Structure formats: structure tokens, C-alpha cells
Amino acid sequence: MNSRGIAAAVLAPLMATVAACGGSGDNSSTAESPSTAAPTTTSSITTAPTTAAPTTTAAATTTVPIDDVDINHVQVIGSHNSYHLIPEPVLFDGIAALSPELAASIEYSHLPLPDQLGDHGIRQFELDVFADPAGGLYANRAANPVVSLEAASGIAALDAPGFKVLHTPDFDYAATCLTLVACLEQIRDWSTANPNHIPIMIMIEMKEESVVDAAAAEGLEIGIELPWTEPVAVTSELLDDLDAEIRSVFAPPHIIEPDEVRGSADTLDEAVRTTGWPTLAASRGQVLFTMDNGGRIRDLYTANAPSLEGRPIFTSSSPGDPDAAFVRFNDPADPGLDEAALDGYLIRTRTDSPTADARNNDTTRRETALASGAHFLSTDYYLPSEYFDSDYVVGLPGDAVTRCNPVTAPASCADADLAE
């Protein structure tokens, strides 16, 4: 039987499961409007945008010297599932034969992280992370033999203990950097070589569901026997390990941490509403970590640190909670977004999800995001798609790396002064 025939016979229940369950945790936060997040398409073209800033000025909210423009007074472009590579052709073809919708949702590949930073002005990343404390858990890919690929990856980095970066175990696993440490080292090295950059936000989503678990959550059953990977459930100890891996790559002066932002305030929420965030001038060359997860994993992370005392990661929270400083609104039209931004919270939103926006060249969502108070605008299209014909692309005016936030920036903020 040819590759497509084998896939049709064996992978059909898997494809139905993944199509039903979706491929991203972007709809998990209670602070945002419900939104179905799906990865979309990017290109491998390497034409670099100019770093010159446009001359427009943002709407006035206060009058302060430019040195006092804070990091929540600017807006940047980020990438969604920043590490992702399309599955190998034979595996992708099998998926497409069974579920064109699922195939479309994973038909994208991102450039390596340093190229996104240096050539395309990306200043926000998203990394999906699976715990692998013993090592080797993700070294084999269960679906590969179905389409005559080797199950064993033969990649030494996957045999070592530590957090792994991938989208879905067993079939949508390809990435430009396979471990969290490797991804962070790439960002750190670029940052060190370019110390005048504005802060880079790195959003981490902790994942723990297997394909079988995801199916059960949707009331589905996979009727085939394969050695599916069983991810390790996230625990308090593993979240401590996550902090440790981050700090093994980035020294304290390199990270904007919750303790710094909270200062003498009782909670992070109080701090961002009153004192505010560090200035942009003081934060150049630094990174800031956020967590995509809400629910049980957020609760574990804040259990002994309700305002993230001693933690390096800002949690995705709801305004008013003690740990509230970063809030996700996947829908840029959410009426609460601008209000939260004006209250002092850092906001991340999506400019396109799923691929329909780009495939239809529908810029409605993109333009809404650009006009909003969101600080991080996440896209799969910092370059036009190489997989279908569309002019859809997301960028700031003048191909700038950053600009004054159209909702939160003070009157003194001038785009030209923000250039790296």
C-alpha cells in the first residue's frame, strides 16, 4: 500500500482526534474571550525589513520625558508557535489525504529564532514545552512507521533529560530548536550581540496531554494500537525545574522578573496599576518570560508565590488577581482589551487565527490588533505564505521593529526615538 493508503487506514482516528481537539492552548485563559487558536502559514523568504521607525506619534495619555516611556507604552510583532516546522512530506501528505483542515492548520514553518529576531524584527516568541526529566521520552515518533519513516529520531539532544519543544508528540514534532535550553540559548546569544534591542517576550506553554488523552477529553477513542508517547504530568517540582532551566541560560540582570516589577507593592496587580513597568531605556537588552497556561498549571506555579515571589515567569492571569500583570486576549476586538492595557497590564493578542484570514487575504483582524492597546501582536505571517497565494502579511508601519502603542503611549513617545 502506498504512503497515503497506509496513512488512511491507520492514522484516520488520530487525525479526527487532533482536528477535534485543536493544536494550541491559546484558548485556555479565563481573562480573554474564547477563541479557537490554530497555527497558520509562514514563508522561508529571508528579505529583511528595515529597522527605521515611522514618524507617526501615538495618542496622548500623559506627558512625560521620552526616558520615562515604559515597556507597556510600545507595540511589537511576535510569532505564533515560533519553533514550528511542517512535518516531513510523506507524513504531511498522509495527514492531508485524511484531513485537509488539519493539514492546513499545521502547514507552516518558521525561520530559526535568530533569523526572526535579526531579519524580521520579531520581539515576541511562543514555545510549547513538554517535561522530560529522565530523557528520551520524545526520541521516538509513533506515527512515523505508518508512513515508512523510522520511529527512532537518532537525535542525541532528545535522549538527554530536560524540557523539549514541540507541537504534538508522535507526528507534528519538527522544530527549529528541539530543547528549551537550545531555544533560549539562541535568543540569549542574539540578545547579547544586540544589547540595544527592546525587551523580548518569551511565552511558554507547558503541555502534558498525549494524543490518547486529548481524544478522551473530546469523547473520542483511538482504535489503533501504537506506542503513543505518554507525556509527564506537570507538577510543582517540574515547574521549579522550568525556572531552573531558564536561569541556567539567562543570568538575573538579563531578565525582567516579577519581583522587580512588584517592588514594594503588596501584589503584582497593585504594582502594574500604580507604579507601572520598568522604563524602556532601562530594559533594553533584556527578556521577559510569560506563561500561556491558566487553570491547574497556573495554580501550581502560584501556590507558594501568589504574587510570583521569586519566580522568573509572569503568569497569564485575570485583572485583579494578585499575580495579574500579563493578560492574553486572543481576540483583538475583545472590549476588555484596551481597558486592561490602560490599567497597566501587558497584553498579547492574535492578528490571524486560523489560516482563513491569510488565505482569504482578510485584514480585518490584523487591522483591529494594530489599532488596539495590545503590546504583542502574534502572527504566523511576518512573511507572506509560501504555501498558498496571498499578499497577507503582518508588520508595523514602515517595517519598524517597534512603535508607540496607539492606546497607552504618552504624548512624548515618538516612534523615531524607539529605534534599535
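At 1% relative accessibility, F130 counts as buried in this predicted model. Its partner in a ring pair is Y138, and the structure holds 5 aromatic pairs.

**F130 and Y138**
- The ring centres of F130 and Y138 lie 5.3 Å apart.
- The planes of the F130 and Y138 rings stand at 55 degrees, so this pair is tilted; planes over 60 degrees apart would count as edge-to-face.
- Y138 has a relative accessible area of 5% and is therefore buried, the limit for that class being under 20%.

**W277 and F314**
- The rings of W277 and F314 also form a tilted pair, because their planes meet at 50 degrees, with the centres 5.3 Å apart.
- This pair joins distant parts of the chain, as W277 and F314 are 37 residues apart.
- W277 belongs to the loop between α11 (268-273) and α12 (280-283), while F314 belongs to strand β6 (residues 313-315).
- Both W277 and F314 are buried.

**The cluster of Y381, F388 and Y392**
- Y381, F388 and Y392 are linked into a cluster by ring pairs.

Note on methods. Residues numbered from 1 in each chain as written. Predicted model: local features only at pLDDT ≥ 70, side-chain atom pairs only at ≥ 80, totals over all residues. Heavy atoms only, no water. Phe/Tyr/Trp six-rings, centres within 6.5 Å; stacked < 30°, edge-to-face > 60°. Buried < 20%, exposed > 50% of the residue type's maximum accessible area, 1.4 Å probe, protein only. Helix = DSSP H or I, 4+ residues; strand = E, 2+ residues; numbered from the N terminus.
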